[in-house]
Structure formats: C-alpha cells, structure tokens
Amino acid sequence: MTTSAIAVSGLRKAYKDKVVLDGIDFDVPAGTVFSLLGPNGAGKTTTVNVLTTLMRADGGTVRVAGHDLATEAGAVRAAIGVTGQFAAVDELLTGRENLQLMVDLNRRSIRNGGRVVPELLERFELAESADKPASTYSGGMRRKLDLAMTLVGDPQIIFLDEPTTGLDPRSRRTMWSIIRDLLADGVTVFLTTQYLEEADQLADRVAVLDQGRLVAQGTPAELKRMIPGTHIRLRFTTADELDEAARVLTDAVRDDEALTLRVPGDGGTKSLRTLLDRLDEYSLSAEECSVHTPDLDDVFLALTGRTTEVDAK
Ligand SMILES: Nc1ncnc2c1ncn2[C@@H]1O[C@H](COP(=O)(O)OP(=O)(O)O)[C@@H](O)[C@H]1O
Ligand SMILES: [Mg+2]
C-alpha cells in the first residue's frame, strides 16, 4: 500500500474577498514528486504557505506526513522542509555560516551534527565558496544554499516554491539533478513551477492550477496528451503557396489567416530533413520554419481556452 505524504481535500483560501484557492483536492504518495503548475498569480505560493503551516486555510482538510494540519501543526513542521520562492539566505553570512546557523537552530533533531555542514557544502558544489559571504553568490548558488539549508533537518517532505525561476539553463539542470537525488533518497517533493518542461522532467504527477481550481491532474504524459504535441510550423508568403503546400503535406493543420501549416513532428533533424526534402521535391518553399515545443501556454489554451496572461480583476 502506498501512503500519502500529503493529502488535501476541499482546500479553500481567500484574501479578504479575493478567492485564491476555491476547493482543491490532491494526494501526493510518499516518495514521489508532485508538481503544481500554474502562471504567476495562480495561487502556488499560497498553497505552499498553507501546506507548510505559514498560513491558515479557510476550509478543507490537509494531512501532511500523516498529521492533521489544523490540530498538529507542530508535528507537520517537524516533518517538512521549505525552500521559499525568495531565498531565505542571510546575505551577510558565508555559505558555511548560513548552514551552521540551521544546524544550531535544529540541534536536537540532528544526529551527525559535525559532519552535516561540510557534507552539504560538498554535495551542492559550494565547498569552494563556503567562506565567502552569500551576497557574492550567483542566483543559482543562492538557491542551492537555500535548499542545502532546508536539508539540514533531514525532512521527509520538501516543499520547493519555483526553485528554478530566474536561473540560467545550467543552474536549472543542476537543481533538477539535486531534486532527483532527493527522490532517490526517499524524500517526497512538492514543487511549484511555471514551466511545463520542468514538471515533465521531474514530476510523477502534475496538477494545473487556474483561477482557484485544479483544471487538470495526471502524469506528465497524460497531460501532454491533452495538448498539441511538438510540431514544425511553416509560414508562407501567399495563400496560393499555402494551398499547394497543404496539398502535399496532408497531415498538416492549416491556419489560413496566419498563412501557416502546423506539421506534426518530433523536432529532430531527421523529421525536419524529411519535411524539407518533401517541400523541395514539389519546388515549394516556406518563408519561415520553426519548431514549436508545447509549453504552459499550450496547456492553458487547451484546458481553459485562455492564455496564461493574468487577467486584471
Ligand atoms: N497576502 C496577500 N494579500 C492579498 N492578496 C494576496 C496575498 N498574497 C497573494 N495574494 C494574491 O493572491 C493571488 C495568488 O498569489 P500567489 O499564491 O502568490 O500566486 P503564485 O505563487 O502562483 O504566483 C495573486 O492574485 C496575489 O496577488
Ligand atoms: Mg509564487
């Protein structure tokens, strides 16, 4: 039997009369990664704040690590670690001092106190900069230090609020590999993100948050099946050219207004070459050719008929 690390039922939260969570339900099996996907302002941080006891819910029931959030907040806090959207690192302290501070604050719960700090510095590739003030760290280093600080208490369940927003691609990949390592250690990870690709890379299950409700839930593969896949977009200069190309590329979806054809394909060089060869064969040429990978915008458009732009209300 799989046990739930996080079980949420009918969760509601409003700021005055602004409803942010309008009754959401989900379940995170222990030892898995669950990703809450949504654009800016969707309510991701609010969800994290409620689940981590930083904020009180207006309604619903939540159990974290088997404890009821409303009546056993202390036990919940003892089981979890939280890395917020904005790094909780003290800029004036060095990386080592920041970590040591966490060890001191956690003293009772840490068995291997003396080894923890150097081990974490090593594991997060921060050993070299350990004695420099955190104010000199890059965004990626800060996020890593922040996560390392979260791990000091050896939490069973970790909440990561947009851990890679604003990071360069390399730091993002490092963060992903750290998260995968956590999973291998048996930790449960609750992760919020604005990136479909991130949820796809890391999550066992994804839930899409929109206007206070979960509009979709499933594995990344299930979610992607609901949206148009990777495709190649060809734009032509005239309607006649579009017509001719559409006759040749029979599996393409045409958009007469934009003068484009959307051709299913994996975006790899092979499928691209096949496509271009075929155009060549019929002496056709497109004005523009681009490979389009589905992103959060496509998910939203498919699920809600709207784009992710936050509407003013
Ligand atoms: N303390 C607050 N008081 C009033 N409104 C808030 C507060 N915190 C967040 N909000 C509003 O609630 C909505 C959800 O915010 P948030 O949970 O931060 O979303 P996300 O993390 O997905 O960007 C936003 O419209 C935001 O402006
Ligand atoms: Mg947020």
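1. A residue counts as near a molecule when one of its heavy atoms lies within 4 Å of it. By that rule, ligand 1 is surrounded by Tyr15, Lys18, Val20, Pro39, Asn40, Gly41, Ala42, Gly43, Lys44, Thr45 and Thr46.

2. This is a predicted model, where local features need pLDDT of at least 70, side-chain atom pairs count only at pLDDT 80 or more, and totals for chains, interfaces and linings use all residues. Residues are numbered from 1 along each chain as written, chains are lettered from A and ligands numbered from 1 in the order written, and side-chain values use heavy atoms, without hydrogens and water.

3. A backbone N or O atom of Gly41 sits 2.7 Å from a ligand 1 oxygen. The side chain of Thr45 places an N or O atom 2.8 Å from an oxygen of ligand 1. For Tyr15, a polar side-chain atom is 3.4 Å from a ligand nitrogen. Of the 560 Å² of accessible area that ligand 1 has on its own (Shrake-Rupley method, 1.4 Å probe), the protein covers 61%.

4. Which element gives the largest share of the shell around ligand 1? Helix α1 does, with 3 residues. Both β2 (18-29) and α1 (44-51) supply at least two; helices are DSSP runs (H or I) of at least four residues, strands (E) of at least two.

5. Lys44 is in α1. It counts as buried because its relative accessibility is 4%, and buried means under 20% (1.4 Å probe, protein chains only). Its side chain reaches the backbone oxygen of Pro39 at 2.9 Å.

Conventions. A polar contact is a pair of N or O atoms within 3.5 Å; within protein, one must be able to donate a hydrogen and the other to accept it, and residues adjacent in sequence count only if both atoms are side-chain atoms. Buried means under 20% relative accessible area, exposed over 50%, partly exposed in between (1.4 Å probe, protein chains only).
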